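Student: Could we go through this model together, taking one pair of elements at a time? I would like to see how each answer is reached.

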Amino acid sequence: MRTTDQLENNRESQDRVFDIIFAIEKFYKNSKRSIVSNAAQGWSHAASIDQQFIEKNIKNFDKVKIAEVKERVILHSLVSEEPTRNSRQVIDWLNNEEEIAEKFKKLKALIEYGDLNLINDSFHNDKGVDMSFALEKTFKSSGINIVIIGAGITGLFLASCLKNMLGKNVNILVLENRSDKKNTRTPFNREWLTHIESHIFQKHIPPFIKELLECFGIDGFVGLPLNMLEAILMLSCKEQGVKFYFSPKLEYSKLNDKNIGFFFDATGGRFANPEYSKTSPDKIDMKLPKRVLGTNFTNPNQVSNGYGIQQSYMDIVLKKYGIYHFPYIGNDRINTHMIKI
């Protein structure tokens with residue numbers, strides 16, 4: 001039988017082995033970018049010499065794949081030159097490139113090789129972060145506090161525009177669950193080609209982003225793939241001070257905070273909160289104070305049939321349908337497809 005001392009010694013030996021293994025793993029994870037970058041230079045040099053001795057007419061020679069490999073080496077070298085740039089430095093790096101083709105390659109490289117400005121949220125350096133921590137660090141007693149659920153093209157564009165127009169008067173937290181682990185998001189991967197009118201898209205975005213977008217597209221249209229537009233808007237948001245929180249599971253119950261002024265669902269109708277659906281009532285009665293809206297410069301007309309003659313308020317009923325509540329005046333549902341602030 002083994003003595004207690006022998007067992008203790010074996011346990012200590014195993015702990016030392018595990019410590020060494022963990023230290024090695026940590027070293028290679030932290031050094032991966034620089035190791036691959038340095039190795040890529042050797043691969044490129046060796047390939048440039050070897051190609052002088054390779055027979056050109058080799059059967060089944062796949063030129064397309066060779067071209068892809070070369071492009072990936074070039075793309076990786078672009079982002080590995082300066083891996084610690086902040087969002088504004090990345091924007092300036094792109095704007096300072098005069099050649100459109102090279103600018104496009106750099107933008108593609110940022111996405112393909114996971115630039116940290118695009119995949120890390122605003123709290124990745126803090127340990128034990130949850131949504132409560134993100135709310136506390138984002139929202140203030142002064143200004144308008146806004147939550148945007150969804151960090152795709154709609155959520156990013158909305159956040160960038162609001163922050164550009166309202167500045168320090170608004171505090172914005174964008175939530176995203178397209179995430180494999182907390183505080184990081186999956187890379188932008190939707191490469192659908194866009195065709196957006198420049199004057200609409202650029203109306204309320206910052207000048208340094210306008211300069212970047214104006215390079216891509218002709219005849220008054222922006223023609224970048226969707227993931228590149230998302231990447232540019234992500235950089236725009238971070239530069240302006242918009243906060244992000246990424247997690248595979250978002251605790252929506254934490255959003256029951258009286259300091260939050262507005263919620264926006266920017267998920268394209270994919271937002272679902274089963275906990276809310278189970279506990280919420282079928283009908284919610286509300287009384288909205290009577291007021292005259294200044295709509296002279298807009299198309300909608302003031303609702304005239306919602307008030308009684310002597311009433312100082314309008315009766316609104318929120319009726320539950322699935323995971324949502326929809327507003328009704330009497331038996332008539334209010335339908336709207338836009339919001340104006």
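Student: Which residues in H10 do the residues of H7 meet?

Tutor: In this predicted model, the H7 side of the contact is made up of Ile-153, Leu-156, Phe-157, Ala-159, Ser-160, Lys-163 and Asn-164. By class, the contact of H7 with H10 has 9 nonpolar, 4 polar and 2 charged residues. The partners in H10 are Leu-226, Leu-229, Glu-230, Leu-233, Met-234, Ser-236, Cys-237 and Gln-240.

Student: At what angle do H7 and H10 pack, and how far apart are their axes?

Tutor: Two packed helices are described by the angle between their axes and by the distance between those axes. Here the helices are H7, residues 153–166, and H10, residues 226–240, and their crossing is left-handed. The angle is about 35°, and the axes are 9 Å apart.

Student: Which residue caps the N-terminal end of H3?

Tutor: Helix H3 covers residues 87–95, and its buried residues include Ser-87, Val-90 and Trp-93. At its N-terminal end, a side-chain oxygen lies 3.2 Å from the backbone nitrogen of Arg-88. That oxygen belongs to the capping residue, Asn-86.

Student: Which strands are the edge strands of the open sheet?

Tutor: The sheet has 4 strands in the order E7-E8-E9-E10, with antiparallel pairing. E7 and E8 pair over 7 bridges, and Leu-288 stands opposite Met-314 in E8. An edge strand pairs on one side only, and this holds for E7 (283–289) and E10 (332–333).

Note on methods
Residues are numbered from 1 along each chain as its sequence is written. This is a predicted model: local features need pLDDT of at least 70, side-chain atom pairs count only at pLDDT 80 or more; totals for chains, interfaces and linings use all residues. Side-chain values use heavy atoms; hydrogens and water are left out. Buried means under 20% relative accessible area, exposed over 50%, partly exposed in between (1.4 Å probe, protein chains only). Helices (H or I, at least four residues) and strands (E, at least two) are DSSP runs, numbered from the N terminus. A polar contact is a pair of N or O atoms within 3.5 Å; within protein, one must be able to donate a hydrogen and the other to accept it, and residues adjacent in sequence count only if both atoms are side-chain atoms. Axes are lines fitted to C-alpha atoms, for helices over the stretch in contact, and angles run from 0 to 180 degrees between N-to-C directions. A crossing is left-handed if the near helix is turned anticlockwise from the far one by less than a right angle, and right-handed if clockwise. Contact means heavy atoms within 4.5 Å. Ala, Val, Leu, Ile, Met, Phe, Trp, Tyr, Cys and Pro count as nonpolar, Asp, Glu, Lys and Arg as charged, and the others, Gly among them, as polar. Two strands pair if DSSP finds at least two bridges between them.
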